[in-house]
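Let's take a walk through this structure, one piece at a time. Keep the sequence and the 3D view open as you read.

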Amino acid sequence: MFSPILAISSWRTISILLPCSRDIWASSSTVSGLFSRKEGSIVIVDVSYRMLLQVKMKIGLHPISAQAENLPFKAEEFPRIIMVDTLHHIKDQERGLAEARRVLAEKGKLIIKEPDIDKPSVKVIAFLEKILLMQSRFLSKKQLDVIFNKLLFHTEFISYGLFHCILLRKLRWD
């Protein structure tokens, strides 16, 4: 039996991040269709009705309208959670990550692909998003580390190009 995967999306992307190997990553909604047939269903969470309509047309993808800060799932329901280019769009990032931790199964993996704000070209993108009133909030690696430690995640950063790929494993509270 296959376990479902939770993909928390932003209003501007439905990309799915797939770990192809330890340091090679593929991002594509077309790949997600293949992935869902192999691995089970993929639940896509987004607040954008337009994006959820696009998701609904793909086999193996199950759209759910919700905010990342208030996920409508049972505790420890998903063995894998994926966030691609999404974290900087979440209003309360710490609360959104705490919710992801809550629904992540014991020994589950949370995979995040997020722009590296320490790169000059990402700073330009962040500035443009601010001008466009997108309410984005990009966090540095140091800021992310503080949140991940507070939420008891084992963290592994893999940086490439303009992005961080972050593999998080849930640590026990006790």
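**Starting from a helix**

Helices here are DSSP runs of H or I with at least four residues, strands are runs of E with at least two, and both are numbered from the N terminus.

Before going on, a word about where this comes from: it is a predicted model, in which local features need pLDDT of at least 70 and side-chain atom pairs count only at pLDDT 80 or more, while totals for chains, interfaces and linings use all residues. Residues are numbered from 1 along each chain as its sequence is written, and side-chain values use heavy atoms, with hydrogens and water left out.

Back to α4. Its buried residues are V122, A126 and E129. They sit on the same side of α4, because they cover an arc of only 60 degrees around the axis, taken from the directions from the helix axis to the C-beta atoms. Buried means under 20% relative accessible area, exposed means over 50%, and partly exposed is in between, using a 1.4 Å probe and protein chains only. Part of what covers the buried residues of α4 is β7. On the face turned away from that buried side you'll find the exposed residues P120, F127 and I131. Just after α4, L133 takes a positive phi of about 60 degrees.

Now zoom out. The protein has 5 helices and 9 strands, and of its 174 residues, 48% count as buried.

Which strands pair with each other? β6 and β7 do, in the parallel sense over 6 bridges, where pairing means that DSSP finds at least two bridges between two strands. Look for I82, whose bridge partner in β7 is I111. Together with α3, these strands β6 and β7 make a right-handed β-α-β unit: with the strands pointing away from the viewer, the path from the first strand over the helix to the second runs clockwise. β6 is mostly covered, with 5 of its 7 residues buried.

Another parallel pair is β4 and strand β5 (residues 61-65), joined over 5 bridges, with D46 standing opposite S65 in β5. β4 has 5 of its 5 residues buried, so it is largely enclosed by the rest of the structure. From β4, I42, I44 and D46 point one way, while V43 and V45 point the other.

What about the inside? In soluble globular proteins, nonpolar side chains tend to be buried together. The largest nonpolar core here has 26 residues, and L97, L110, I112 and F148 have the most contacts inside it. Such a core is a set of buried Ala, Val, Leu, Ile, Met, Phe, Trp, Tyr and Cys residues joined through side-chain atoms within 4.5 Å. Among the elements giving two or more residues to this core are β4, β6, α3 and β7. Apart from it lies another core, of 5 residues, including I42 and V55.

Finally, find R172, in the segment after β9. R172 is exposed, with a relative accessible area of 52%. Leaving aside neighbours within four places in sequence, R172 is in contact (heavy atoms within 4.5 Å) with R101, E106 and L152. R172 and E106 are 66 residues apart in sequence but 7.9 Å apart in space, C-alpha to C-alpha.
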